Amino acid sequence: MRSFEGFLSTTFAFLVLRLCSVTCDITDGNAEHLKREHSLMKPYQGVGSNPSSQWDFWGSTLVTSSYVRLTPDERSKQGSIWNTVPCYLKDWEMHVQFKIHGSGKKNLHGDGIALWYTKDKLHPGPVFGNQDQFLGLAIFLDTFRNDLHGMDRSFPFISAMVNNGSVSYDHGKDGRSSELGGCSVEIRNREHDTYLAIRYSKGRLTVMVDVDDKNEWKECIDIGGVRLPTGYFFGASAATGDLSDNHDIISMKLYQLMVEHTPEEENLDWTKIEPSVSLLKSPKDNVDDPTGNFRGTPLTGWKVFLLLLCALLGIVVCAVVGAVVFQKRQERNKRFY
């Protein structure tokens, strides 16, 4: 009986530690190492086209002392800003403070912001102001619904896409055929600060949002099996069409995550990795998924915790029932003899 109690104590302690690791996964921006050469902050020094600049911009982008406006609230505008220093960190986390606002009423605004970690920079194109068939990672903050048949999700919608250069972003379907996951979030015309965090560590991509003025992160996307090379560039872009909005970047802060890797991983040439995702199903399965999320993604920390908790409860119930049945049989045998 004591050994069974010890087993329960050990299992409970493991579950508590697991729960803590899940809830404390995103850095608060203080415990990790800020990489200034990859960060964009007020008063935006080092922004421009001169050789010593670490950030360069294109199109309708306007740099002020308070914000970087990728597009004004005007039709048919495109703008972007890019870090000109390639990032060679294996594990990182990007915190983005942004603001999307304008005079358009509900459903009469667009198109949104895209955050990039790609091989090429400053290449204008049709995907939120950047090139299509890119190499790398994109996080889309899409504020306008193009697919009138996709009424199972509300907009704005945040999604992720990893591309090896062979896939086109389908605007008509709001990128659903190539997305890896996403969530609906109210990010437009908020009267308080809005933030998004992108974490890439040990092959796992996590996107969190803090948009409710509660100073806490909420999980939006959590995907395992993601492979991204080093040596790519961070950037942000935005576009407007017939409808418009102000798309502002307030800051982009990159933190290095201190993570141990195996000797094999350390010896790997990370610059030669091809962007990819090891999925159980094709992202195209999202077309039939009413939640808009990828159904074959690995279990998140919360799901693992709940499964372990259910398994523990099942073991306890079986043990109690077995003990009661065994005791009843013993009493019956004693009466028989």
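Student: Where is Asp213?
Tutor: Asp213 sits in the loop between β12 (204-210) and β13 (218-223). Keep in mind that this is a predicted model.

Student: What about the backbone there, what is the phi of Asp213?
Tutor: Positive, about 60 degrees, although Asp213 is not a glycine. Most residues other than glycine have a negative phi.

Student: Is Asp213 buried or exposed?
Tutor: Exposed, because its relative accessibility is 56% and the cut-off for exposed is over 50%.

Student: Which residue has Asp213 among its contacts?
Tutor: His192 does. Leaving aside neighbours within four places in sequence, His192 is in contact with Val211, Asp212 and Asp213.

Student: And where is His192?
Tutor: In the loop between β10 (182-184) and β11 (194-201). His192 and Val211 are 19 residues apart along the chain, and their C-alpha atoms are separated by 7.9 Å.

Student: What does the side chain of His192 have 2.6 Å away?
Tutor: The backbone oxygen of Val211. That distance runs to a polar atom of the His192 side chain.

Student: Which other residue has a positive phi without being a glycine?
Tutor: Ser76, at about 55 degrees. Ser76 is in the loop between β4 (68-71) and β5 (78-83). Its relative accessible area is 58%, so Ser76 is exposed.

Student: Switching to omega. Where are the cis peptide bonds?
Tutor: One joins Gly110 and Asp111, with omega about 0 degrees. Another runs from Phe155 to Pro156, with omega near 5 degrees. Most peptide bonds are trans.

Student: Which loops hold Asp111 and Pro156?
Tutor: Asp111 lies in the loop between β6 and β7 (112-118). Pro156 lies in the loop between β8 (135-142) and β9 (157-164).

Student: Zoom out. How many helices and strands are there?
Tutor: Three helices and 17 strands in the protein chain.

Student: What share of the contacts joins residues at least 24 apart?
Tutor: 71%, among contacts between residues at least 6 apart in sequence.

Student: How much of the chain is buried?
Tutor: Buried residues make up 44% of the 337 residues. The accessible surface comes to about 17700 Å², and 54% of that belongs to carbon and sulfur atoms.

Student: OK, the inside. Which residues touch the most other members of the largest nonpolar core?
Tutor: Trp92, Leu115, Ile139, Leu196 and Ile249, out of 47 residues in that core. Strand β6 (residues 92-101) gives the largest share, five residues. There is also a second, separate core of 11 residues, including Trp82, Ala114, Phe134 and Phe140.

Student: Why would such side chains end up together?
Tutor: In soluble globular proteins, nonpolar side chains tend to be buried together.

Student: Back to Trp92. What is Trp92 in contact with?
Tutor: Setting aside neighbours within four places in sequence, the contacts of Trp92 include Tyr117, Leu137, Ile198, Phe234 and Leu257. Arg199 is also among them.

Student: Last one. Is Ser251 buried or exposed?
Tutor: Buried, because the relative accessible area of Ser251 is 9% and the cut-off for buried is under 20%. Ser251 is in strand β16 (residues 246-256).

Student: What does Ser251 touch?
Tutor: Leu40, His95, Val96 and Gln97, not counting residues up to four places away in sequence.

Notes. Residues are numbered from 1 along each chain as its sequence is written. This is a predicted model: local features need pLDDT of at least 70, side-chain atom pairs count only at pLDDT 80 or more; totals for chains, interfaces and linings use all residues. Side-chain values use heavy atoms; hydrogens and water are left out. A nonpolar core is a set of buried Ala, Val, Leu, Ile, Met, Phe, Trp, Tyr and Cys residues joined through side-chain atoms within 4.5 Å. Buried means under 20% relative accessible area, exposed over 50%, partly exposed in between (1.4 Å probe, protein chains only). Helices (H or I, at least four residues) and strands (E, at least two) are DSSP runs, numbered from the N terminus. Contact means heavy atoms within 4.5 Å. Accessible areas come from the Shrake-Rupley method with a 1.4 Å probe; for residues, only the protein chains shown count as cover. A polar contact is a pair of N or O atoms within 3.5 Å; within protein, one must be able to donate a hydrogen and the other to accept it, and residues adjacent in sequence count only if both atoms are side-chain atoms.
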